[in-house]
Number of protein chains: 2
Amino acid sequence: MSLVRGIYDPSSEVQGASVAATIIMVTSHDSAQVLGMTFEAKFANTPTFKYFVGVNILASAYSLIVLFFPTKKMLGRILLITDILMTLLLDSSISACLAIAQVGKKGNTHAGWLPICGQVPKFCDRVTGSLIAGFAAAILYFLLLLFSFHNVLNLYTLKA
Amino acid sequence: MSLVRGIYDPSSEVQGASVAATIIMVTSHDSAQVLGMTFEAKFANTPTFKYFVGVNILASAYSLIVLFFPTKKMLGRILLITDILMTLLLDSSISACLAIAQVGKKGNTHAGWLPICGQVPKFCDRVTGSLIAGFAAAILYFLLLLFSFHNVLNLYTLKA
């Protein structure tokens, strides 16, 4: 819980969700024997998952840094812009991962891409867990953005 | 060009980019003969591309509706929230498509997903064109959001 933005805001919850998403994704690992060859599944094999981890590390670090910022009105406006950028980054990373996860789960018969979750279920389960945490982080970040808004311009009474 | 937000804003350019992205994506089509079987590539075979088209149609419609709104201070604040939501949606759709396009272009050897651009180059070229237009729309929308901000709270002089 942080009071940087003047009122209660969920930045530590965002941080928790981002840290969880990062850890679960980085530790996701499984291997399978297909036609005598060992088939290894890990997050680093997919550029999209690396992007996801990068963005979640950035979000965790940003939330931590903001905790130590002094509370000032002008800072509230700068926070608003950086909060929008972080929300966009988290939104972008979770969307990209969901698109890849959908192919991993269902495959795409038209492109000849087979689903891989049957072969590496443990990897798929962990990726799913990581995406749930990442999704929670993105939603919490959006709430955080609304809190920042509330602080800079009072939306309820419509007074700036 | 619209003056709804009080000053010049790029909403018609956003609309142009979104309409272009939609049209190029919907008309992207190619087929190839692989092992005697006809292999047909079109946007509707990929759920992510359908999501992209949906979001771009929504963005085009929203930009059109906003053109006919009266200019009011209170409306500026509502526009700010809806603009953030539209920016997030466009950001999400372009990110998801880029992730899928990356697999289509480079494949993913670890998952056994082969690149398809060698077989259906015309489809790939059109999808690339559509993604460029979609990316332009997302960037322009972000600028539009900054314009909305400028209108609601003057960021340069730091007066609300």
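Okay, let's start with the link between Cys117(A) and Cys124(A): with -80° about the S-S bond, this one is left-handed. Keep in mind that we're looking at a predicted model here. The two sulfur atoms, in Cys117(A) and Cys124(A), sit 1.9 Å apart and form a disulfide.

Now hop over to chain B. Cys117(B) and Cys124(B) form a disulfide too, with their sulfur atoms 1.9 Å apart. The torsion about that S-S bond is about -80°, so this disulfide of Cys117(B) and Cys124(B) is left-handed. Both Cys117(B) and Cys124(B) are buried. And how many disulfides do we get over all chains? The count comes to 2.

So what about Cys97? Cys97(A) is buried, with a relative accessible area of 0%. In chain B, the sulfur of Cys97(B) has its closest cysteine sulfur in Cys124(B), 13 Å away, so that is too far for a bond. Cys97(B) also comes out buried, at 0% relative accessibility.

Where is Thr48(B)? You'll find Thr48(B) in helix H2 of chain B, which covers residues 47-67. Thr48(B) counts as buried, because its relative accessibility is 7%.

While we're on that helix, let's look at how far it reaches. H2(B) has 21 residues, and from its first C-alpha to its last it reaches 31 Å, close to the 30 Å expected at 1.5 Å a residue. Among the buried residues of H2(B) are Thr48(B), Phe49(B), Phe52(B), Val53(B), Asn56(B), Ala59(B) and Ser63(B). If you wonder about the spacing in a list like that, an α-helix has 3.6 residues a turn, so residues three or four places apart point the same way.

The chain A helix can be checked in the same manner. Helix H2 of chain A, residues 47-67, should span 30 Å at 1.5 Å a residue, and its end C-alpha atoms are 31 Å apart, which agrees. In H2(A), the buried residues include Thr48(A), Phe52(A), Val55(A), Ala59(A), Tyr62(A) and Val66(A).

Stepping back to chain A as a whole: there are 4 helices and 2 strands. From the N terminus on, the elements run α-β-β-α-α-α. Of the 160 residues in chain A, buried ones make up 49%. If you take the contacts in chain A with a separation of 6 or more, 75% of them are between residues 24 or more positions apart.

Next, a residue in chain B, Val14(B). Its place is in helix H1, residues 11-26 of chain B. Val14(B) counts as buried, at 0% relative accessibility. What does Val14(B) touch, not counting residues up to four places away in sequence? The list is Ser63(B), Ala137(B), Leu140(B), Tyr141(B) and Leu144(B). Ser63(B), by the way, is one of the buried residues in H2(B). Between Val14(B) and Leu88(B) there are 74 residues of separation in sequence and 14 Å in space, C-alpha to C-alpha.

Rolling a probe the size of a water molecule over the atoms shows where empty space is left. How many cavities of 30 Å³ or more are there? The count is 1. The largest cavity has a volume of about 30 Å³. Its lining is made of Ile84(A), Thr87(A), Leu88(A), Ile84(B), Thr87(B), Leu88(B) and Leu145(B). Which elements give two or more residues to that lining? They are helix H3 (73-106) of chain A and helix H3 (73-106) of chain B. By type, the lining residues of the largest cavity divide into 5 nonpolar and 2 polar, with no charged ones.

Key: Residues numbered from 1 in each chain as written. Chains lettered and ligands numbered in written order. Predicted model: local features only at pLDDT ≥ 70, side-chain atom pairs only at ≥ 80, totals over all residues. Heavy atoms only, no water. Disulfide = S-S within 2.5 Å. Buried < 20%, exposed > 50% of the residue type's maximum accessible area, 1.4 Å probe, protein only. 1 Å grid on protein atoms, 1.4 Å probe; cavity = no way out; pocket = protein on both sides within 12 Å on 5 of 7 lines; lining within 4 Å. Points joined across faces, edges and corners; volume = space filled by probe spheres on them. Nonpolar A, V, L, I, M, F, W, Y, C, P; charged D, E, K, R; others polar. Expected span 1.5 Å × (residues − 1). Contact = heavy atoms within 4.5 Å.
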